[in-house]
Amino acid sequence: MIRLQTYAAFSLLATTSAVYYAFSSREQFYPAMVYLSSSKICFVLLLNTGLVAMCTTWQLVKRIFLGTLREAEVEQLNKQSWREVVEILFAVTIFRQEFSVAFLAVVAALLLVKALHWLAQKRVDYIETTPSVPMLSHMRIVSFMVFLLAVDCIFLSRSLMPLIKNREASVAIFFSFEYMILATSTVSIFMKYVFYVSDMLMEGQWEKKAVYTFYLELISDLVHLSLYMLFFIAIFPELWCPSALDP
């Protein structure tokens, strides 16, 4: 965290210096913005600052809702991150003509949001196997899941807007389905937590907990499978006849 703070401070200082130079040398807003967008150095600095801002936000959210990560959570995070990067990069090659800096930023945001979902799942699993859990931990995990669901809905709505407006296949299809899956995963994690709390209130005497958990996981998997099938149906023309979707 200290390293990130130091890097963020230097990045902010460099970006501020570049912006100050642009406005002091051009004196007007439009020429300054043209300079910032056309200068490769300024562009890299702005891009780097955006990436630092996302990482800082991710660290802040993690610290507020989860605190210090356990070793198992860090290991799970590292294990799934590389696999997810490969899967996402493979999937987005379908829409390679839309590759841009903004696209990379959205992909980075998706990876960070997915990482938070993995941590939520892992933390709920840990709470279920811990005999005594402080009330603060319960409040934090519930708040965390509400936060994740809100983030999923916001990004989902942002992804659906261009699809509704343009009515044509684009990379927004991929992000829309990804956030649909994440939203359903959040609901599934929350319901699993509700089952745990209900069983705890019954002092471990809820005999049907395993049955309800099984059906919850089954329904969740079926929903995810249905969404994946709909996604492939939606991108089928792009896979087999890309020119058919070109404007």
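A: Start with burial: a residue is buried under 20% relative accessible area, exposed over 50%, and partly exposed in between, using a 1.4 Å probe and protein chains only. In the protein chain here, buried residues make up 36% of the 247 residues. This is a predicted model, in which local features need pLDDT of at least 70 and side-chain atom pairs count only at pLDDT 80 or more, while totals for chains, interfaces and linings use all residues. Residues are numbered from 1 along each chain as its sequence is written, and side-chain values use heavy atoms, with hydrogens and water left out.

Q: How many helices and strands does the protein chain have?

A: Helices (H or I, at least four residues) and strands (E, at least two) are DSSP runs, numbered from the N terminus. The protein chain has 8 helices and 0 strands, which gives the pattern α-α-α-α-α-α-α-α along the sequence. Its C-alpha trace spans about 75 × 50 × 30 Å along the principal axes.

Q: Which residues does UniProt list as "transmembrane region"?

A: UniProt positions are given in the numbering used here, with feature names shortened, and annotations may be inferred rather than shown by experiment. The unreviewed UniProt entry lists residues 7-23, 43-61, 99-119, 139-157, 169-194 and 214-236. Two of these spans can be checked against the model. Residues 99-119 are 90% helix and 0% strand, with end C-alpha atoms 29 Å apart. Residues 139-157 are 100% helix and 0% strand, and their end C-alpha atoms lie 27 Å apart.

Q: What share of the contacts in the protein chain with a separation of 6 or more comes from residues 24 or more positions apart?

A: Contact means heavy atoms within 4.5 Å. Residues 24 or more positions apart account for 74% of those contacts.

Q: Which residues of the largest nonpolar core touch the most other members?

A: A nonpolar core is a set of buried Ala, Val, Leu, Ile, Met, Phe, Trp, Tyr and Cys residues joined through side-chain atoms within 4.5 Å. The largest one holds 24 residues, and Leu110, Phe174, Phe175 and Tyr179 touch the most other members. Two or more residues each come from α4, α5, α6 (135-166), α7 and α8, and α7 gives the most, with 8 residues. A second, separate core has 21 residues, including Trp118, Leu119, Ala120 and Tyr193.

Q: What does Leu110 touch, leaving out residues up to four places away in sequence?

A: Leu110 touches Ile88, Phe174, Phe175, Glu178, Tyr179 and Leu182.

Q: Is Phe155 buried or partly exposed?

A: Phe155 sits in helix α6 and is partly exposed because its relative accessible area is 29%. Other residues show the remaining classes. Phe10, in helix α1 (residues 2-26), counts as exposed because its relative accessibility is 57%. Thr213, in helix α8, is buried, with a relative accessible area of 15%. Glu87, in helix α4, is partly exposed at 42% relative accessibility.

Q: How much space lies in the largest pocket?

A: Rolling a probe the size of a water molecule over the atoms shows where empty space is left. On a 1 Å grid over the protein atoms alone, a cavity is a set of points where a 1.4 Å probe fits but cannot get out, whereas a pocket is an open set with protein on both sides within 12 Å along at least five of seven lines; lining residues have an atom within 4 Å of a point. Grid points are joined across faces, edges and corners, and a volume is the space filled by probe spheres set on the points. The largest pocket holds about 910 Å³ of space. It is lined by 34 residues, and those closest to its centre are Glu84, Lys114, Trp118, Ile181 and Tyr228. The elements giving two or more residues to this lining are α4 (71-92), α5 (101-128), α7 (172-201) and α8 (209-240).

Q: How do the residues of that lining divide into nonpolar, polar and charged?

A: Ala, Val, Leu, Ile, Met, Phe, Trp, Tyr, Cys and Pro count as nonpolar, Asp, Glu, Lys and Arg as charged, and the others, Gly among them, as polar. The lining has 15 nonpolar, 9 polar and 10 charged residues.
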